[in-house]
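Welcome, and thanks for taking a look at this protein chain with us. Please open the model and keep it in view as you read.

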Amino acid sequence: RRRVLADSAPVTDPEILAVWEKCLQDARFQNPKFRLVTSPEVKTPLSIGLFFRTIRVILPERSYRGEELELILRHELVHIGREDAWSKFFLMFCTAMCWFNPLMWVAMRKSADDIELSCDETVLLNTDDTARKQHANLLLDTAGDERGFTTCLSATAKAMRYRLQSITKYSKRRSGALIVGAAFFLL
C-alpha cells in the first residue's frame, strides 16, 4: 500500500473527473470519502484500502477512452459498494488460521475469482454485446497481478479465461428454483 501510494497523485484531468462523477452518481455514492488517484507503481486499475476514508481507486499512468474508463470505474465502485476488500481480508485471515490445509488455499483462490466474476456480471448487467466485448478486451489489455487486499480487474490466467468466457458467451441463467419447487410440490 505504501509503495503504491508513495508516488500517487490525485487525478486532475477534467474529462476523467467528469466520468468519475458520473459513475459516482450512477452508483449512488453521496459525498464519498475515497479518492481517485494515479500511480506509476500499478499496471492495472485497482482499489485499495479497507475503510472508506482510506480507500483509493488507483489508475495506472496511461490513457483510456471514455467507455473504457467508465467500465473501469464502475467495476471498482461495485467492489467498494460491496466491500469486497473486507471479504478478501476475511479470506486471507481464514487461510492464515488454516495455512496447513490445502483446501483452504483453493477456497480462498476460488472465492476471490468469484468476487471478480460477480463484479463483472454486475457491471455488464443490461448491456449489449459491444459493451461485453469491450469489457473483455479491457480485461486482456489491463492484465496484471492481484496481490493483498486489493480489488482489481486482473486475475490468474485460468480465472481470466473463465471470466472472458462468462463475459463473451453470456446467457441469461435460469434458476433451478422453479424445478426444485415443482419437484417438492409433486412429492
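A residue is called buried when its relative accessible area is under 20%, exposed when it is over 50%, and partly exposed in between. With those cut-offs, buried residues make up 41% of the 187 residues in the protein chain. Please keep in mind that this is a predicted model.

**Overall layout**

The secondary structure comprises eight helices and five strands. Reading from the N terminus, the elements follow the order α-β-α-β-β-β-α-α-α-α-β-α-α. Among contacts with a separation of 6 or more, 64% are between residues 24 or more positions apart. The protein chain exposes about 11,800 Å², and carbon and sulfur atoms supply 59% of that area.

**A nonpolar patch**

Which residues form a nonpolar patch on the surface? They are Phe51, Trp86 and Phe89, which together have about 300 Å² of accessible area. Phe51 sits in the loop between strand S3 (46-48) and strand S4 (56-60). Phe51 counts as exposed because its relative accessibility is 52%, and the cut-off for that class is over 50%.

**Salt bridges**

The count of salt bridges comes to seven. Three of them are listed here, with the distance between nitrogen and oxygen.

| Salt bridge | N to O distance |
|---|---|
| Lys22 and Asp26 | 3.0 Å |
| Arg65 and Glu67 | 3.6 Å |
| Glu116 and Lys88 | 3.9 Å |

Let's start with Lys22 and Asp26. Both belong to helix H2 (residues 14-26), and because they are four residues apart there, about one helical turn separates them. Lys22 is partly exposed, with a relative accessible area of 37%, and Asp26 is also partly exposed, at 47%.

Technical notes:
Residues are numbered from 1 along each chain as its sequence is written. This is a predicted model: local features need pLDDT of at least 70, side-chain atom pairs count only at pLDDT 80 or more; totals for chains, interfaces and linings use all residues. Side-chain values use heavy atoms; hydrogens and water are left out. Patches are made of residues with over 30% relative accessible area and no salt bridge: like charges are joined within 9 Å, nonpolar side chains (Val, Leu, Ile, Met, Phe, Trp, Tyr) within 5 Å. Accessible areas come from the Shrake-Rupley method with a 1.4 Å probe; for residues, only the protein chains shown count as cover. A salt bridge is a side-chain nitrogen of Lys or Arg within 4 Å of a carboxyl oxygen of Asp or Glu. Helices (H or I, at least four residues) and strands (E, at least two) are DSSP runs, numbered from the N terminus. Buried means under 20% relative accessible area, exposed over 50%, partly exposed in between (1.4 Å probe, protein chains only). Contact means heavy atoms within 4.5 Å.
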